[in-house]
Amino acid sequence: EIHFRHLSSTMKFSMLAIAAAALTAGVNGFAGTQMPAARTFAVRQSTMLKATEVETDKMAALATAANEARGLAMDSIAAAHSGHMGLPLGAAEIGASLYGSQMTYNAKDPQWMNRDRFILSAGHGSMFLYSWLNLAGFDLPMEEVKNFRQHHSMTPGHPEFPNSEHNTPGIECTTGPLGQGVANAVGFAVSEKMAAAKYNTEEHTIFDHHIYALAGDGCFQEGVSAEAAAFAAHEKLDNLIIFYDANEVTLDKMAEYTQSEDVLKRYEAYGWEVYDIDGHDLAVIEETIAAAKASNNGKPKFIKCNTIIGKGMEETEGTNAAHGEAGVPYVDNAKKNIGLPEGEKWFVSEGTRDYFGEVQAKNEATYNEWQATYKAWSEANPDMAKELEDAIADNVMSADDMIAAIPEL
């Protein structure tokens, strides 16, 4: 169904181009008798074509960014001689769509309270996250990307919530134990729903963000994710979107050796809204995420993304060898095959930097609009504003004071 819709949109574009070309010829041939209505139609068609061109440019930019993110992951894992290459290569289009189009965030203010949250439940694929944080403009310098898995770097082997050892912006929580990130995401979704119910008013909406998580087969084999998923459906957390990186591979063997369940049907039985898509088709990914975000039907969203683990490295892709660093000897050839400059490491094109500069500008505009809304809300609701700001600043009673305030019975 998804592919049919994509094909239909392609056909519509082709017919539109033909119609516009025919119309242009007609206008040139009969300029003296052209009616105002025809001129209006021509303008509309021209506008539609320009919009299609912009969308085409966007998709090309996202595809380029996906391959350059693959290159960053390959180079960093090769330099460290350690890491998990399969997920960053296999899920690159998902990352491109999220950070390059669908997520709302401000890289200059990574603690903005109404930002969308992304959690990498499959934390072993951490170079996926570091690549996209760098491309998206977060304060994660390329030198830190190059220092992947090195002591005291900002890019540890698994994502770590900012602490005394690491202070990497854009990391929402520490992940690594499989399935835990799914439960973390459910917790974030509950938090947003509770904050929205408590602080949003009829006049002002200050909480309306989404929670995204990317997880693999190992995550859905764990009980913690199953319990959290059942809870999420029961509590109608329709602000939660989970991506299932369905590559049919586990660490030591193809997944068919250890599992035979239909994960999609299980989540549907929990009460989730489910999607089954090609995880490498950017147009389909874009369409599906947009639909999931717009569906406020009381159901959390589960998107099964059928992917090829280690995509782009023909020697290992689609096998369990792609899971770890077995592909290191083939990095140079793989980068060449996906169109990256030969011999250049950690390459990011000027076009990709420019594109993400535009993404940052768009997100900052949304951020500034929200700041204006928040200012108006806080002026209209000073008591609630103080309560919220005190909570965020952790300006609350100490544990001793709380205990002392408990009346004796």
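Which residues does threonine 352 touch, not counting residues up to four places away in sequence? In this predicted model, threonine 352 touches Thr64, Ala65, Glu68 and Leu135. Threonine 352 belongs to helix H13, which covers residues 350-380. With a relative accessible area of 3%, threonine 352 is buried. Its side chain also makes a polar contact of 3.1 Å with the side chain of serine 349.

**Helix H5**

Leu135, one of the residues touched by threonine 352, is among the buried residues of H5. Helix H5 spans residues 126-135. Because 10 of its 10 residues are buried, H5 is largely enclosed by the rest of the structure. Just after H5, glycine 137 has a positive phi of about 95 degrees.

**The sheet and its helices**

Five strands form an open sheet in the order E1-E2-E3-E5-E4, and their pairing is parallel. E1 and strand E4 (273-278) are the edge strands, each pairing on one side only. On average, neighbouring strands of this sheet are turned by 20 degrees against each other, direction ignored. Strand E3 (residues 240-246) and strand E5 (residues 301-306) run parallel and are joined by six bridges. Within this pair of strands, isoleucine 241 stands opposite lysine 301 in E5.

H5 lies across E1 and strand E2 (211-216), and runs at about 150 degrees to E1. Helix H10 (residues 263-270) also packs on the sheet, where it touches E3, E4 and E5. The direction of H10 makes about 155 degrees with that of E4.

**Aromatic residues**

The model has 22 aromatic pairs. Two of the pairs are set out below.

| Aromatic pair | Centre to centre | Angle between planes | Arrangement |
|---|---|---|---|
| Phenylalanine 118 and phenylalanine 128 | 5.9 Å | 40 degrees | tilted |
| Tyrosine 199 and phenylalanine 207 | 6.3 Å | 50 degrees | tilted |

The pair of phenylalanine 118 and phenylalanine 128 links strand E1 (residues 117-120) with helix H5, and its two residues are 10 residues apart. Phenylalanine 118 counts as buried, at 3% relative accessibility. Phenylalanine 128 is buried too, with a relative accessible area of 2%.

In the second pair of the table, tyrosine 199 and phenylalanine 207 are both buried.

Most residues other than glycine have a negative phi. Where do tryptophan 346 and aspartate 394 lie? Tryptophan 346 is in the loop between helix H12 (331-337) and H13, and aspartate 394 is in the loop between helix H14 (382-392) and helix H15 (399-405).

The phi of tryptophan 346 is near 50 degrees, a positive value in a residue other than glycine. Aspartate 394 likewise has a positive phi, of about 60 degrees. Aspartate 394 is exposed, because its relative accessible area of 58% is over the 50% cut-off.

Note on methods: Residues are numbered from 1 along each chain as its sequence is written. This is a predicted model: local features need pLDDT of at least 70, side-chain atom pairs count only at pLDDT 80 or more; totals for chains, interfaces and linings use all residues. Side-chain values use heavy atoms; hydrogens and water are left out. Rings of Phe, Tyr and Trp (its six-membered ring) pair if their centres lie within 6.5 Å; planes under 30 degrees apart count as stacked, over 60 as edge-to-face and the rest as tilted. Helices (H or I, at least four residues) and strands (E, at least two) are DSSP runs, numbered from the N terminus. Buried means under 20% relative accessible area, exposed over 50%, partly exposed in between (1.4 Å probe, protein chains only). A polar contact is a pair of N or O atoms within 3.5 Å; within protein, one must be able to donate a hydrogen and the other to accept it, and residues adjacent in sequence count only if both atoms are side-chain atoms. Contact means heavy atoms within 4.5 Å. Two strands pair if DSSP finds at least two bridges between them. Axes are lines fitted to C-alpha atoms, for helices over the stretch in contact, and angles run from 0 to 180 degrees between N-to-C directions.
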